[in-house]
Amino acid sequence: MTQELSRSVDLASFDRRDKDWYIDKTIQFIVFLGGISAILFIIGIFAFVTKEGFGFLFEDFSFSEFFFSPWWEPTDEDEPTYGILALVAGTASVTGLAMLVAIPFSLGAAIYIGEFATGKKRESLKVLVELLAAIPSVVWGFIGLSIMNPLIIALFDVPVGLNVLNAGVILGLMAAPIMTSIAEDALKAVPDRYREAAEALGATRWQVIFKTVIPAAKNGLLGAVLLGVGRGFGETMAVLMATGHAINIPGSVFDPVRALTATIAAELGETAVGSPHYEALFTIGIFLFLITFVINLTADLIVRGVREQ
Amino acid sequence: MIQSQPTAATQAMASHIDPETATSDLAIRTQKLDLWYGTFQALSQIDLNIKNGIITSMIGPSGCGKSTFLRSVNRINERLGYVRIKGTIEVFDKDIYDQDVELVQLRKQIGMVFQRPNPLPASIRDNILYGHRLHYSGKRLSRTEQDSIVEDALRQVLLWDKVKDKLNKRATGLSLEEQQKLCIARLLPVQPQILLMDEPCSALDPKGTAAVEELIWELRGKYTILIVTHNMAQARRASEECIFMLMGKVVEHTPTDQLFVTPRHKETADYIEGRYG
């Protein structure tokens, strides 16, 4: 009798929404907001940068002058010129040298951590590398100014130590930890059975790594390098402090240069909002945004491709 | 651990290991072999004489130590880093745990096939040539010489006709059966004396199993083959001698027919009748 009764109550309450139901829906909504906000912010930032740079793009902008003139003279009273060639050369030379420094360091570190170190040593090295990645860039810039600068002057007998060499080394050391981390992930993603197969065939440790593990991980390693390049293009404070900040197409590593990012950082505060100079700086911003976006996207797609394999 | 250059000792050892000069007809001989993983003893007091040139199978329930034994014959066990060993393993009368033994030379003589087919992520051709390139890197081979090595190895494993038109395709795209055959084929150009096979058919379907068994039987006489298997029927079909292991010990080692028809020990009889395991 009672059994029948309770059964009918259960049937009647199929559409009941209790407290848990509301909590679940609320949390779902909050998580959704969190997820989508990152995308909204990025789009918002891009829209803002584009809007501020737009006026320049349609009025004073000349494609050939902007990309091929080495003269960045926005404050010239008679005829301001907005050529970013020297700035691009500055950024590219510093980033290029940084990669020369960072690739052997990070690849070596990744191979050691991933293939040789075991147990506690491996774990503590990984934590250390993560810590290195967290050093603020102004600290690196300070090292460039106060340690690298006199060191370069003393070692190479040059008048000024703030140049491509200084910034390249600093930036290379900055980019190495994140590259190490990604490269180590790529090596770890190589199935152990490949190593076992190679070892059983009589490969030495060296041959296992260079003939089997690295070829198998090459996409991930390439992704790591690209992320480092992206980091190099986007880095501002350290290069502002270490490059010497002189507009110059470098002829050697001892020439001071100026980077795209550093130009924006140094000049934006001194321009009148809405002036061609102000807008030109935002156009540089658009340019940087596009470059780093493409580099990071490529790196991400490559690394993703590795995971799916 | 980085391998040193071949030394005089290695050379001496390489010649020592050559079965031509070996005095006995034993390929592998162990005496009072104990093996520990950390504190767990996986093998105890193993005395085995495995004959040269025949197929010997090893059977026993999971965890009985048969794979462990196999993996200590080419010392691939040492990758784990926490393996400890006592007693001796001799390969062609040479103690392979001697100080002067170079792992590279040892593994050149002893090829291994794993439970899961593990072709390297490269082309079929490069997989076949991988071991050869490691061991004979001194001499440059012409394209035709390389081609003949590849063809020869693939013919021996009965795979040539299936893959001859796609030698430059990735080996990982082959079926599991073909992958396992390829893994056997890539051992052959190195010219090993002994082939260790660790449950080579356990990842294959019955058709693939039959094909790989046929291949193993095909290789009989040319190599000393030691095969670990879960599958008693397979041991019965595809081996000449059979070793039954239990709890890290050898219970029985006799000709295969005898082991399955008139086992000497009760444990063996119970196992092959399926009372446990």
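Q: What helices and strands does chain A have?
A: Chain A has 13 helices and 2 strands. Helices (H or I, at least four residues) and strands (E, at least two) are DSSP runs, numbered from the N terminus. By the way, this is a predicted model, where local features need pLDDT of at least 70, side-chain atom pairs count only at pLDDT 80 or more, and totals for chains, interfaces and linings use all residues. Residues are numbered from 1 along each chain as its sequence is written, while chains are lettered from A and ligands numbered from 1 in the order in which they are written.

Q: Why is chain A more spread out than a compact globule?
A: Its radius of gyration is 27 Å, well over the 19 Å that the globule rule gives for 309 residues, so chain A is more spread out than a compact globule. That radius is taken over C-alpha atoms, and the rule is 2.2 Å times the number of residues to the power 0.38. Along its principal axes, the C-alpha trace of chain A spans about 100 × 65 × 35 Å.

Q: OK, how much of chain A is buried?
A: Of its 309 residues, 39% count as buried (20 or more other C-beta atoms within 10 Å of the residue's own, with C-beta atoms placed from the backbone; 12 or fewer is exposed, and in between is partly exposed).

Q: And which residues have the most contacts inside the largest nonpolar core?
A: Those are Ile170(A) and Met179(A), in a core of 147 residues. Such a core is a set of buried Ala, Val, Leu, Ile, Met, Phe, Trp, Tyr and Cys residues joined through C-beta atoms within 7 Å. Helix H7 (residues 164-188) of chain A gives the largest share, 16 residues.

Q: What is Ile170(A) in contact with?
A: Leaving aside neighbours within four places in sequence, its contacts include Trp140(A), Ile143(A) and Met148(A). Contact here is C-beta atoms, placed from the backbone, within 7 Å.

Q: Where does helix H6 of chain A bend?
A: H6(A) (residues 137-156) bends by about 40° at Met148(A), and Pro150(A) follows within four residues. The bend is the angle between axes fitted to the seven residues ending there and the seven starting there. The buried residues of H6(A) pack against H7 and helix H11 (237-242) of chain A.

Q: Switching to chain B, what order do the strands of the open sheet have?
A: The order of its 4 strands is S2-S1-S4-S5, with antiparallel pairing. Two strands pair if DSSP finds at least two bridges between them. S1 (residues 26-37) and S2 of chain B pair over 8 bridges, and Leu35(B) has Leu43(B) in S2(B) as its bridge partner.

Definitions and conventions
Contact = placed C-beta atoms within 7 Å.
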